[in-house]
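User: Please show me the structure, and then let us go through parts of it by question and answer.

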Amino acid sequence: MTPDIRAVTILPASSRRIQLNALPPLSLYVHIPWCLKKCPYCDFNSHEWNSAVDVPEKEYLDALRGDLELALPSIWGRRIQSVFIGGGTPSLLSAAGIDRLLSEIRARLPLNPEVEVTLEANPGAFEAARFKQFRASGVNRLSIGIQSFNDAHLKALGRVHDAQQARRAVEIAHNAFDHFNLDLMFALPCQIFDECRADVETALSYAPTHLSIYQLTLEANTYFSKYPPRLPDEEQCADMQDWIHARLREAGYSHYEVSAYAQPHQRCWHNLNYWQFGDYLGIGAGAHSKLSFPQRIVRQMRYKQPAAYLRQCAENAPIQQEYAVNAEDLPFEFMLNALRLTQGFPVHWFSERTGLPIRAIEQPLRTAIARGLLTRDHQMIIPTPLGQRFLSDLQALFLE
Ligand code: SF4
């Protein structure tokens, strides 16, 4: 359980100076911390909602508004490039609630006219009329947590929806939204190759503009980490992964990040901004922020437990922890994100986003190149297929 730290903790920045000549793009993340039921593999900040009582929607929206207003001075004058309403299951909120949330955001922040507004949804809480209203309120991209189209695997994952509801949800998304993402998982308990293939083929039959395909991993502090299910072995997982890459490439999707595939011009702007070490303001229970200033980069975390967050918002103090990132930690933080991009990143981004000279990572860059994990020319730094396969080893080279 997260300790209830009352005072905001400011940790000291290091003595090494950083200098940002321009601030990176800025996104807004809004966290809705409730789900119908907690899935046994989930380590997100999501809390089971007792369906006998309504989600405290009004109180939570009031708290989000107050949280945003308190944050305004730290992002004054900066334009928002994307909004992501994630969770949890944000689609548990009513259409009027999402409408109010987006209106309050628009009234307080300058949004890019082309702003990407994503809402996460789960098939257990999906009705066509409500999704049309979400669209009318300004949501222009839907991300649906399908995970599988197979009843036995959905049951093993503890999901509240079945295969029929999953298909219905995708049909609704397909009719109401031009841009939608499907989240799928592979290497599920007792899953065989043909079942993985069937899930991916079913997903492709709906022509989603974006697919996020994750390997099931056992995260600490989850039910599955305590009672591990029987998962496919390493070789089976590698076969599934290799087939997924090849099949999606053949279907016209570009694999642009470890787990992300997109049709042309359909990459998720919001997630790209994380991987490109952009800035984000996170509001809501447990939300994280990364905000740059000319000579420091600050990270924040809001109170995690919904009740504590609501209480702290009422006292105008939603931030539980805030610190300036040590300059020594920035190379690793940058590379942890940017190396996830399968097509690499321009060399100049490192200095633009961290405020440090590229020579700060000269030695680990040389080591990674010598080991065949990276290539580099005067324009781009790109992880090789070997570097992508052993990504955590590659990232670890940049730990000081
Ligand atoms: S629906 Fe998603 S966020 Fe909610 S508990 Fe399951 S995995 Fe976690």
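User: In S13, what is the bridge partner of Ser 289?
Analyst: This is a predicted model, in which local features need pLDDT of at least 70, side-chain atom pairs count only at pLDDT 80 or more, and totals for chains, interfaces and linings use all residues. Residues are numbered from 1 along each chain as its sequence is written, and side-chain values use heavy atoms, leaving out hydrogens and water. Strand S12 (residues 288-293) and strand S13 (residues 296-302) run antiparallel and are joined by six bridges; strands are DSSP E runs of at least two residues, helices H or I runs of at least four, numbered from the N terminus, and two strands pair if DSSP finds at least two bridges between them. In S13, the partner of Ser 289 is Gln 300.

User: How many residues does the hairpin between S12 and S13 pass through?
Analyst: A hairpin makes the link from S12 to S13. The number of residues in it is two.

User: Which residues of helix H3 are buried?
Analyst: Buried means under 20% relative accessible area, exposed over 50% and partly exposed in between, with a 1.4 Å probe and protein chains only. On the other side of H3, Ala 129, Lys 132 and Ala 136 are exposed. The buried residues of H3 (residues 128-136) are Arg 130, Phe 131 and Phe 134.
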